[in-house]
Amino acid sequence: MKTSPSLLAADFINLGKEIEMINSSEADMLHLDVMDGVFVPNISFGFPVLEKVARVCTKPLDVHMMTVEPEKWIGHVKKLGAEIMNVHQEACLHLYSTVQHIHESGMKAGVTLCPATPVETLTDIIADLDLVLVMSVEPGFGGQPFINHSLEKVRRLKQLRDNSGSKALIEVDGGVNPTTGAMLAEAGADILVAGSYVFSSADPHAAIRTLRSLS
Ligand code: DX5
Ligand code: ZN
């Protein structure tokens with residue numbers, strides 16, 4: 001199982017130390033949550049902070065855009081050197097074009113689904129995606145309880161992906177801990193995002209290892 005710790009739960013006073021912890025961990029990626037206070041009722045951090053983070057982080061960056069019109073930010077995300085740019089299905093009027101533009105810029109394209117958005121909305125685009133990010137909480141805040149229905153969703157998404165011959169990875173975000181993570185692994189998830197579980201742990205390296213050991 002791959003693991004992408006979410007910086008949202010980090011201690012921002014000690015951001016440099018938190019990135020060092022990630023660099024020296026077995027984390028596969030670093031998950032960065034960008035919020036605009038419009039698409040979600042919260043604001044996290046913006047590009048001036050992310051540029052500094054990107055400069056010191058040695059892990060691939062997994063950027064989760066929780067903004068309206070995420071296509072406007074493709075150039076900024078590319079400039080960070082991000083590996084993956086995730087945009088919300090609900091925020092993109094012309095999702096096909098947005099995915100194409102992300103690919104043209106040289107990044108992998110991920111599409112994110114809010115809890116109430118069915119996986120079937122991706123039927124006609126899944127073959128073009130590198131990743132689908134399933135929200136297992138409403139986007140906008142860390143520390144929320146896992147929505148159990150997400151397990152069923154991951155199972156259906158895996159079926160949709162396998163039937164279409166798509167190579168898209170299935171990433172899940174929200175309320176992930178070893179218990180929900182084990183169920184998600186069984187349901188077919190490929191990557192787990194975890195904020196609170198990793199950064200609130202007394203031993204974040206061990207927490208990352210625990211998630212990575214799930215299969
Ligand atoms: C929520 C973010 C998540 C968040 C997860 O909108 O997309 O990435 O950091 O936090 P936890 O793991 O605490 O649920
Ligand atoms: Zn996220």
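The buried residues of helix H4 pack against H3, strand E4 (84–88) and strand E5 (108–113), in a predicted model. Contact here means heavy atoms within 4.5 Å, and buried means under 20% relative accessible area (1.4 Å probe, protein chains only). Helices (H or I, at least four residues) and strands (E, at least two) are DSSP runs, numbered from the N terminus.

**Helix H4**
- Leu95, Thr98, Val99 and Ile102 are buried in H4 (residues 95–104).
- These residues lie on the same side of H4 because they cover an arc of only 100° around the axis, the arc being that of the directions from the helix axis to the C-beta atoms.
- An α-helix has 3.6 residues a turn, so residues three or four places apart point the same way.
- Glycine 106, which follows H4, has a positive phi, near 100°.

**Threonine 67**
- The loop between strand E3 (61–66) and helix H3 (74–79) holds threonine 67.
- Threonine 67 is buried, its relative accessible area being 4%.
- Not counting residues up to four places away in sequence, threonine 67 touches Val34, Met35, Asp36, Phe39, Trp73 and Ala91.

**Helices H1 and H2**
- Leu15, Ile19 and Asn23 of H1 meet Val49, Val53 and Val56 of H2.

**Basis of the values**
- Residues are numbered from 1 along each chain as its sequence is written, chains are lettered from A and ligands numbered from 1 in the order in which they are written, and side-chain values use heavy atoms, with hydrogens and water left out.
- Local features need pLDDT of at least 70 and side-chain atom pairs count only at pLDDT 80 or more, whereas totals for chains, interfaces and linings use all residues.

Definitions and conventions: Buried means under 20% relative accessible area, exposed over 50%, partly exposed in between (1.4 Å probe, protein chains only).
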